[in-house]
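Here's a quick briefing to read with the model open in your viewer.

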Amino acid sequence: MMAVFPSVRPAMCTAALALLAGPLAAQEVTLKLHEFLPAGSTVPREIVHVWADKIEEESQNRIKIDRFSGMALGGAPPELMDQTIDGVTDIAWTVVGYTPGRFPQTEVFELPFQLRDGAEASCAFWTMYEEHMTEDFADVKVLGTWVHGPGVIHSAEPVETPADLDGLKVRGGSRIVNEVLEAAGATPVGMPVPAVPEALSKGVIDATTIPWEVTGSLKTSDLVEYHTEFEGEWLYTLTFVMVMNKDVFAGLPADLQAVIEENSGLDFSIFAGKTQQAFDAPEREVAVENGNEIFLVTETGPWTAAVTPIIADWVADMSEIGVDGQALIDQSQALMAGQCAGADADL
């Protein structure tokens, strides 16, 4: 499969060329990788750092990747994209929705009750990124695109119907997720996921939308007693990208660029989406062992009635910026039912 790899800044490459009299193959570079969750969280541990290890190995350690988790280089999670563009970091993993309105076409994968499988959706995301979204991401080199598994509501009070959300302050991770929450009757509160534990413990929010896999690192199952899942298509999800500074990549020797290219793209995206969803089950079991109550919504009619008008609104919003939103929806559904059905890949 293909895997993603980090890059170096032009200044670093220039310095390397000036200092090394030997062939290009002798060059070594060190890249900084920045992300927003603790290193022991699922995505850093099972996806991002696994990818970085593979880059180092396949480059015969001529690429070294220094990993900075939990925003260790400073700033806030919504700044990760610009940190990569500006060269504060060479590579970053981030939530696309942390910069609302900036990458509007990616929201086709966040619309309610549209997705069924993380690997299939991530496959469709990469395919449509290459066809439609490269100009949106022109300031960076995109290494991978993916989504998390089924969206779950984790709450201090039971939530089985939209009416149960009335009056509750619920954290959302993107513009679309916040619209879903508001349409369902909640008061949405936007915040990056690292802020969730403190917000729950202090009563700033009554509930949060996050996938199961991240509940362990956030101790969510200790902070709430109720969890709401949905049968069939998912109520919500978030989109993620791994990006790299374009100039850093361009400054790498051709053989090191090839290592990155060979480990980026479709297969890496599928691997990331599949892996993130696979770690939902162990964290769900923690909630079960805690004695928490998990509701499975099998009658989704009231939910779909409440939130599906968001889809028409999104299509109208896309039309205003010259994008055929319905065509994007149709293509994403066709891909997930067709060439991306059963998608699987390993790093």
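A residue counts as buried under 20% relative accessible area, as exposed over 50%, and as partly exposed in between. Leu 73 has a relative accessible area of 28%, so it lands in the partly exposed class. Keep in mind that this is a predicted model.

**Leu 73 and its surroundings**

- You'll find Leu 73 in the loop that links S2 to helix H3 (80-86).
- Setting aside neighbours within four places in sequence, Leu 73 is in contact with Lys 32, His 34, Phe 68, Val 88 and Thr 89.

- As background, most residues other than glycine have a negative phi.
- Gln 60 belongs to the loop between helix H2 (42-58) and strand S2 (63-68).
- With a relative accessible area of 69%, Gln 60 is exposed.
- Asn 61, not a glycine either, has a positive phi of about 65°.
- Asn 61 also sits in the loop between H2 and S2.
- Is Asn 61 buried or exposed? Its relative accessibility is 54%, so Asn 61 counts as exposed.

**The five-stranded sheet**

- In general, strands of a sheet pair through backbone hydrogen bonds, and they can do so parallel or antiparallel.
- Here, five strands make an open sheet with mixed pairing, in the order S2-S1-S3-S10-S4.
- Which strands sit at the edges? They are S2 and strand S4 (140-147), each of which pairs on one side only.
- On average, neighbouring strands of this sheet are turned by 20° against each other, direction ignored.

- S4 and strand S10 (residues 239-245) run antiparallel and are joined by seven bridges.
- Val 142 stands opposite Val 243, which is in S10.
- Helix H4 (residues 118-133) packs on the sheet and touches S4 and S10, with its direction at about 150° to that of S4.
- Helix H11 (residues 266-278) packs on the sheet too, touching S4 and S10, and its direction makes about 40° with that of S4.

Terms used
Residues numbered from 1 in each chain as written. Predicted model: local features only at pLDDT ≥ 70, side-chain atom pairs only at ≥ 80, totals over all residues. Heavy atoms only, no water. Helix = DSSP H or I, 4+ residues; strand = E, 2+ residues; numbered from the N terminus. Buried < 20%, exposed > 50% of the residue type's maximum accessible area, 1.4 Å probe, protein only. Contact = heavy atoms within 4.5 Å. Pairing = 2+ DSSP bridges. Axes fitted to C-alpha atoms, helices over the stretch in contact; angles between N-to-C directions.
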